[in-house]
Amino acid sequence: MRLTATVVIALRALRRNKLRSVLTALGIIIGVAAVIAMVSIGNGAKSLVEGQIASLGRNVISVFPGSATTGGMRGGWGTSSTLTIEDAQAIEREIAGAVAVSGEVRDRQQVLANGLNWNTSILGESPGYLSIRDWELSSGAMFTAADERSTAKVAVIGQTVVTNLFPDVDPIGQTLRIRNLPFKVVGVLKPKGFNFFGSDQDDVVIVPLTSAMRRVSRRQNLSGILIQAQTPESISRIQQDITDLLQQRRGGREPDFTVRNQMELAEAATATSRTMTALLGAIAGISLVVGGIGIMNIMLVSVTERTREIGIRLAIGAHDRDVRMQFLIEAMILSILGGVLGVALGIASSEIVSSQLGWPVLVSTSAVVIAVVVSAVIGIVFGFYPAHKAARLDPIDALRFE
Amino acid sequence: MQPVVQLENVTKTYSNGEVEVHAVRGITLQVMPGEFVAIMGSSGSGKSTLMNVLGCLDRPTSGRYLLDGVDTSGLERNERADLRNRKLGFVFQGFNLLSRTTALENVELPMLYSAERISSAERRRRAVQALDIVGLSDRAEHLPNQLSGGQQQRVAIARALVNRPQVLLADEPTGNLDSRTSVEIMGVFQKLNEEGITIMMVTHELDIARFCRRNLIVRDGRIVRDEAVPDRLVAAVEMQRLREAETAAKLIGST
């Protein structure tokens, strides 16, 4: 018997019981809608976090000072003060594939300018910093390597600093004072917004690393070293090379530094949302199974109800296979119908969530395809037993059935 | 000429737990093409079991059954289904049409299960033709519940005919019909038989059996009488007689 004829027969049977068909599919509809909505919201959250991670820079590897032990008291990561500008220079010199290296010194200072003052973070960096952070200037220029060598008193400032210190003048060429030292503003950064830890990345004054170390912070050690790898693929190799290099420079002492890459950071940040998505996905999966059981239930009722019809079909020459296919296709149509309606409902509800709650929502094509395929599979799995039961009927008994 | 139906010492035994029921105890029978046979017997005589065996719905416990020269005893479930589809047509007492399915679609049904592929246009053409034979082509789009009992049975006959079977098997085809409609249905069978179709029908009504050419009487799972019908009734004549009787009744009623 031809498949199209079977499909027509199955559709006819479903059309005879419209309300029942819709109610049966409802379990699948809700299950699929839940999956789609959950995955969309989860993806939206993930892409938001990923965007924030990306704002940290491109292919970035960070070296942080390790823990220091003072009189038996072990400090945490970052308490060691052994990361030096020479380490940064060694990395720049010796690591192949490191396109930009910037030692970093962080500080907070009161900054005065234009008759106003503002407490902001002072970053001592190398000229390569903007490339590492994937950050552009809106006007002016970055300070140069020559400035760094000569511990020049120049600064590049973020938008928040502009707003607070230079509300109505062009900051380029203006002077701001840090610890009473005049720094000339040579560049203004484009806004970058908040990072995912919630701090304002634009609230920053960047000065040459050497200037920061000698003039502002007056310290010898670095808060960290940022390295940009050429390609994402080379990150882990470069990370290892840096570890080896620094280890070698310390002549076998216990490592007092830690090397991290951006991927690890991103993974940590997305782990939570992944756990959440998995959990919600599991709940949605359970509701799909429940929906499948609903379909099985109705198909069993339907087989009993239509025993006589099955008897007629068998008597006039239907094979087991024909009857099995008929009921299997009915179950599949129900579940695929549920899947398609569920996808529509899921997309609609995630759109509502996005417009009403302002959450970022990202409907993934793969989730849609998977949902429809899974619901078809559910139709086959849960439709199989009733279909098998129908196909096994004896035509004589089936014809006698009242 | 080769017999279309040939039973050789066929038995059928059901085992009901410990008790064995011998429904058919050795029947030997030959039916030639073009015959019109009535199988009669009281309930429990084994005529229904015999009918199930003849219809390839059931397998004999022992003995051989040759349908159109082919031994059916070794056939599998699906092979028997193909045989039913190709060589047999069934007419049931309760009509057994698919509800909420038009007369035309009901008649098309056996062609959906045919081994050969028939285009939907061809299916439709043959179904209309079969409905035309039973005089119902104008009711093609009606649903069973929009048709009278006689009309439903005629749709069922059209369905049984549509694959051009060797034998038409009818199980109490007039059992659910009034006497006038019964005569009408027997008229359809007689017309088909005159066109050369072999018909075997089960009935317990003597009047109905007299429309056939040959009567078998089954008792306790055996054929106890097998004879040609001497005073065969002709449906057309009987219809005419019924009409006259009705007219007479009306005339009497009106005076």
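Among contacts in chain B between residues at least 6 apart in sequence, what percentage join residues at least 24 apart? The figure is 69%, where contact means heavy atoms within 4.5 Å.

Hello everyone, and a few ground rules before the tour. This is a predicted model, in which local features need pLDDT of at least 70 and side-chain atom pairs count only at pLDDT 80 or more, while totals for chains, interfaces and linings use all residues. Residues are numbered from 1 along each chain as its sequence is written, chains are lettered from A and ligands numbered from 1 in the order in which they are written, and side-chain values use heavy atoms, with hydrogens and water left out.

Let's take chain B as a whole. Its secondary structure comes to 8 helices and 10 strands; these are DSSP runs numbered from the N terminus, helices being H or I with at least four residues and strands E with at least two. The radius of gyration is 19 Å, close to the 18 Å that the globule rule gives for 255 residues, so chain B is as compact as a globular protein of that length. Here the radius is taken over C-alpha atoms, and the rule is 2.2 Å times the number of residues to the power 0.38. Along the principal axes, the C-alpha atoms of chain B fill a box of roughly 65 × 45 × 40 Å.

Of the 255 residues in chain B, 52% count as buried. Buried means under 20% relative accessible area, exposed over 50%, and partly exposed in between (1.4 Å probe, protein chains only).

Now to the strands. S1, residues 5-16 of chain B, pairs with S2, residues 19-31, in the antiparallel sense over 10 bridges; two strands pair if DSSP finds at least two bridges between them. B:Gln6 has B:Gln30 as its bridge partner in S2(B). This hairpin has 2 residues between the strands, and B:Gly17 takes a positive phi near 70 degrees there. S1(B) also runs antiparallel to S4, residues 62-67 of chain B, with 5 bridges joining them. On that side, B:Thr11 is partnered by B:Ser62.

Next, helix H1 of chain B, residues 47-54. Seen from the surface, 7 of its 8 residues are buried, so H1(B) is largely enclosed by the rest of the structure. The buried ones include B:Leu50, B:Met51 and B:Val53. After H1(B) comes B:Cys56, with a positive phi near 60 degrees.

That brings us to backbone angles. Most residues other than glycine have a negative phi. B:Arg100 is not a glycine, yet has a positive phi of about 50 degrees. B:Arg100 sits in the loop between strand S6 (88-91) and helix H3 (103-112) of chain B, and counts as exposed at 51% relative accessibility. Over in chain A, A:Arg179 also has a positive phi, near 50 degrees. A:Arg179 lies in the loop between strands S8 (175-178) and S9 (181-189) of chain A, and with a relative accessible area of 39% is partly exposed.

I'll finish with B:Ala209, in helix H7 (residues 206-209) of chain B. Is B:Ala209 buried or exposed? At 0% relative accessibility, B:Ala209 counts as buried. B:Val37 is 172 residues away along the chain, but the two C-alpha atoms are separated by 8.3 Å. Leaving aside residues up to four places away in sequence, B:Ala209 touches B:Ala38, B:Met40, B:Thr203, B:Asn215 and B:Val229.
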